[in-house]
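This report goes through one structure, feature by feature. Please keep the sequence and the model at hand while reading.

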Amino acid sequence: MALPTRTPLDQFAEMLDTLVPQFPAAEIVERVHSHFAELIADTGWLDDKFRAPPEAGDMAAYLLAAGERAPWTIVSVVFPPGTTTPVHDHLTWGMVGVVQGTETETRFARLDDGARPGFARLRRLEAVQNDVGAISHVVPPDREIHRIHNPSGEPSCSIHLYGEDLQKLARHEFDLDSGEVRTHQPAYEPTKC
């Protein structure tokens with residue numbers, strides 16, 4: 001009986017399990033960047049069902065892999081045309097690599113010290129158009145607040161790598177006008193295999 005073929009995703013996951021426990025967040029992002037670029041360069045391993053929004057037409061996040069010996073997750077995130085996320089943080093390191101379509105990422109800096117519960121003052125830093133192959137880094141505390149928008153008429157898809165399971169983190173959404181901060185805890189789409 002032939003052994004199942006290890007996909008590029010399987011190989012990348014094994015590498016993460018080895019590297020993630022060894023290095024701090026900023027260093028992990030730099031060490032993993034070139035491997036992540038290779039993973040998203042040829043996504044023959046990514047099933048079509050993880051490139052499409054659910055029938056409801058909302059944004060979708062599909063859990064593809066999670067660490068066995070280290071805390072990390074790989075998620076396929078699909079944005080229908082015109083979709084914009086709230087401004088949000090991550091509370092962990094991460095990388096976002098676009099594999100289909102175009103995504104505009106707007107980054108923000110927090111201006112206050114976080115001492116006032118439920119309130120934050122943010123400043124818009126930059127907006128970048130990320131096309132297929134573009135990789136964005138998320139590293140707390142200074143480079144982790146952003147918003148993503150799909151400006152095109154087709155769904156976009158990006159592979160998100162994070163140093164934790166975001167489904168288990170009480171993260172934050174930020175209202176730019178009022179300064180209100182709300183808890184943000186999205187769920188992954190159920191996968192039917």
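## Basis of the values

This is a predicted model, in which local features need pLDDT of at least 70 and side-chain atom pairs count only at pLDDT 80 or more, while totals for chains, interfaces and linings use all residues. Residues are numbered from 1 along each chain as its sequence is written, and side-chain values use heavy atoms, with hydrogens and water left out.

## Strand 9 and its partners

Helices (H or I, at least four residues) and strands (E, at least two) are DSSP runs, numbered from the N terminus. Buried means under 20% relative accessible area, exposed means over 50%, and partly exposed lies in between (1.4 Å probe, protein chains only). Strand 9 (156–162) is mostly covered, with seven of its seven residues buried. Both of its faces are covered: Ser156, Ser158, His160 and Tyr162 lie on one side, and Cys157, Ile159 and Leu161 on the other. Ser158, in strand 9, has a relative accessible area of 0% and is therefore buried. The C-alpha atoms of Ser158 and Glu103 are 8.5 Å apart, although the two residues are 55 apart in sequence.

Two strands pair if DSSP finds at least two bridges between them. Strand 2 and strand 9 run antiparallel and are joined by seven bridges; here Ser76 has Ile159 as its bridge partner. Strand 4 and strand 9 also pair in the antiparallel sense, over six bridges. Val96 is partnered with His160 of strand 9, and Gly97 stands opposite Ile159.

## Strand 4

Strand 4 (94–100) is mostly covered, as six of its seven residues are buried. Besides its pairing with strand 9, strand 4 pairs with strand 7 in the antiparallel sense over four bridges. The bridge partner of Met95 in strand 7 is His137.

## The cavity

On a 1 Å grid over the protein atoms alone, a cavity is a set of points where a 1.4 Å probe fits but cannot get out; a pocket is an open set with protein on both sides within 12 Å along at least five of seven lines; lining residues have an atom within 4 Å of a point. Grid points are joined across faces, edges and corners, and a volume is the space filled by probe spheres set on the points.

The structure holds one cavity of 30 Å³ or more, and the largest cavity has about 50 Å³ of space. Its lining consists of Val96, Val98, Glu103, Glu105, Asn130, Ala134, Ser136 and Ile148. Strand 4 and strand 5 (103–110) each supply at least two of the lining residues. By class, four are nonpolar, two polar and two charged. Here Ala, Val, Leu, Ile, Met, Phe, Trp, Tyr, Cys and Pro count as nonpolar, Asp, Glu, Lys and Arg as charged, and the others, Gly among them, as polar.

## The largest pocket

The largest pocket has a volume of about 340 Å³. Of the 23 residues that line it, Met59, Ala61, Val77, Arg171 and Pro186 are the closest to its centre. The lining divides into 13 nonpolar, eight polar and two charged residues.

Strand 1 (60–66), strand 2 (73–79), strand 8 (145–149) and strand 9 each supply at least two lining residues. Strand 2 gives the largest share, three residues.

## Aromatic contacts

Rings of Phe, Tyr and Trp (its six-membered ring) pair if their centres lie within 6.5 Å; planes under 30 degrees apart count as stacked, over 60 as edge-to-face and the rest as tilted. The whole structure has two aromatic pairs. For Phe12 and Phe36, the ring centres are 6.0 Å apart and the planes are at 40°, so this pair is tilted. The pair links distant parts of the chain, with Phe12 in helix 1 (residues 8–19) and Phe36 in helix 2 (residues 25–41), 24 residues apart. Phe12 counts as buried at 4% relative accessibility, and Phe36 counts as buried at 0%.

A charge sits over a ring if NZ of Lys or CZ of Arg is within 6 Å of the ring centre and within 35 degrees of the ring normal. The charged end of Arg116 is placed in this way over the ring of Phe119, 4.0 Å from its centre.

## Backbone geometry

Most residues other than glycine have a negative phi, and most peptide bonds are trans. Leu91 is not a glycine, yet has a positive phi of about 65°. Leu91 lies in the loop between strand 3 (87–88) and strand 4 and is partly exposed, with a relative accessible area of 38%.

Pro140 and Pro141 are joined by a cis peptide bond, with omega about 0°. Pro141 is in the loop between strand 7 (135–138) and strand 8.
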